[in-house]
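User: Please take me through this model by question and answer. Keep it brisk.

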Amino acid sequence: NFDGESIIQPRLGFNWDFNETLTFRGGVGLYAGGNPNVWLSNNYSNDGITQVEFQERALDDDGLGGETLFTIPFNGDGQPIFDIPQSLFDAVAGGSANSGVNAVDPNFDIPKEWKFALGATWNFDAGFFGDDYTLMADYLHTEKEDSALIIDATLEQIATAPDGRPIYQSIDRSDPDCADPTSADCTGRLFAQDFILTNVSGDAGSSDVYSLSLSKRYDWGLDWTLAYAYTDSSEVNPMTSSVAFSNYVNVSVSDPNNPGPADSNYEIPNRFTIRANFSRAFFGDSLTNITLYGRVNEGRPFSATFIDGGFTFGDTLDDRHLLYVPTGPSDPNVVFGPGFDQAAFFTYLDQTGLSDYAGSIAPRNAMHSAWWHKYDIRIEQELPGFMPEHNFAAFLIVENVGNLINDDWGVLKEQGFPRNVPMVEFDINDANQYEYLSFRTPAPQGRVADASLWEVRFGVSYDF
């Protein structure tokens with residue numbers, strides 16, 4: 001069932017009052033469902049039978065001679081870009097199915113999560129600082145089970161990289177010459193990837209969330225809450241997309257068919273929040289409500305990767321392969337090219353903390369985007385309704401007040417999707433060493449437009 005609702009819900013809970021000031025709560029449950037239907041529908045639209053694919057790679061758009069995109073014949077009205085190259089049109093029309101396949105593992109299980117919750121609420125007096133405070137503490141642990149994973153069934157390991165990661169080759173498994181995938185007679189497929197939707201075997205990831213909040217209410221109309229949450233979350237594949245190819249490539253890896261658990265793409269380790277509300281009747285019985293809500297949080301994580309080196313590791317994109325962090329200029333696994341800026345490279349490793357992983361592969365999501373703060377204000381004035389039981393109100397909402405005051409405040413900057421920074425152009429030499437050819441200093445984190453804008457809204461509501 002992928003209808004977005006939990007389909008397995010055994011739950012156990014308890015509630016215990018101690019001296020009428022301390023309350024405990026807890027629960028456990030198994031939850032499943034909510035994963036996108038499109039992960040399954042991919043297999044109907046990419047069946048390896050109904051699609052024929054061809055590519056044209058012989059064009060000379062540098063203008064040095066030969067056919068170009070604007071000189072070859074096109075079908076239809078013959079318009080370049082708008083119409084289809086006639087050679088490709090004819091090839092598809094007369095060709096046979098040669099596309100990649102999307103399939104579901106016959107033993108695929110619905111991903112699910114065990115959730116364990118424990119919390120307590122303490123109502124207490126603070127002497128000089130006043131009475132009637134409420135302190136809440138909560139802990140939520142989640143264990144992922146049978147998490148979804150996309151693998152490429154055409155990949156076969158043919159070698160091992162200097163740091164121990166596998167080097168693959170995409171092979172045609174119907175070719176008898178590929179009994180030895182390293183054979184020169186073993187041919188890959190033109191459109192090589194056959195994606196399988198399967199489950200993670202072994203550790204599928206987990207999360208721990210700790211939260212603490214303190215709140216107080218005053219008789220003269222003010223109430224406030226201060227809160228903090230810490231999250232430590234891991235996953236194998238964030239499954240960010242609807243298409244199998246995108247889910248396969250949009251995750252940083254050292255082994256594309258066995259990524260292993262790492263910090264989650266969605267993890268925000270530290271978050272502080274504040275809420276303050278003032279409510280008072282200045283006009284008869286009609287309340288005036290003024291609410292401030294603010295959040296300050298650490299940015300989402302991202303990874304350090306190689307620059308695309310042209311299938312060096314044997315799968316689709318090298319610029320999602322996690323960076324090997326050298327121990328220094330004399331690391332035996334690395335040879336630095338004459339144009340490689342070692343000083344800038346090692347300085348960057350020190351500044352970002354990547355040097356902590358010297359002599360190994362940098363973990364996925366080892367770095368975090370910048371901290372972000374945002375504050376919103378809502379002002380609401382109740383008004384008399386037309387009937388006694390009716391509620392009428394006018395409101396003003398100002399989102400991202402800081403950015404309204406100063407263009408440099410409230411701006412969210414983070415590493416964009418798919419949350420990696422390719423930084424080293426590389427190759428692997430015959431001695432099985434990395435050749436670091438050039439270092440590309442990562443660009444500054446980009447501004448997220450929608451989250452960084454201020455917005456003012458006016459409105460009225462009428463409930464009856």
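User: Is alanine 366 buried, exposed or partly exposed?

Analyst: This is a predicted model, where local features need pLDDT of at least 70, side-chain atom pairs count only at pLDDT 80 or more, and totals for chains, interfaces and linings use all residues. Residues are numbered from 1 along each chain as its sequence is written, and side-chain values use heavy atoms, with hydrogens and water left out. Buried means under 20% relative accessible area, exposed over 50%, and partly exposed in between (1.4 Å probe, protein chains only). Alanine 366 has a relative accessible area of 24%, so the class is partly exposed.

User: Where does alanine 366 sit, and which residues is alanine 366 in contact with, leaving aside neighbours within four places in sequence?

Analyst: Strands (E, at least two residues) and helices (H or I, at least four) are DSSP runs, numbered from the N terminus. Alanine 366 lies in the loop between strand E18 (360-361) and strand E19 (367-368). Contact means heavy atoms within 4.5 Å. Beyond the neighbours within four places, the contacts of alanine 366 are Phe302, Leu354 and Tyr357.

User: How many disulfides are there, and which cysteines are joined?

Analyst: A disulfide is a pair of cysteine sulfur atoms within 2.5 Å. By this rule there is one disulfide. Its S to S distance is 2.0 Å, and the pair is cysteine 178 and cysteine 186.

User: Are cysteine 178 and cysteine 186 buried or exposed?

Analyst: Cysteine 178 has a relative accessible area of 7%, so cysteine 178 is buried. For cysteine 186 the relative accessibility is 8%, which also counts as buried.

User: What is the handedness of the disulfide?

Analyst: The torsion about the S-S bond of cysteine 178 and cysteine 186 decides this. That torsion is about 100°, so the disulfide is right-handed.

User: How many helices and strands are in the protein, and what is the radius of gyration?

Analyst: The protein has six helices and 26 strands. The globule rule (2.2 Å times the number of residues to the power 0.38, with the radius of gyration taken over C-alpha atoms) sets the reference. For 464 residues that rule gives 23 Å. The protein is well over this, so it is more spread out than a compact globule, with a radius of gyration of 29 Å.

User: What does the C-alpha trace span, and what share of residues count as buried?

Analyst: Along its principal axes the trace spans about 85 × 60 × 50 Å. Of the 464 residues, the share that count as buried is 39%.
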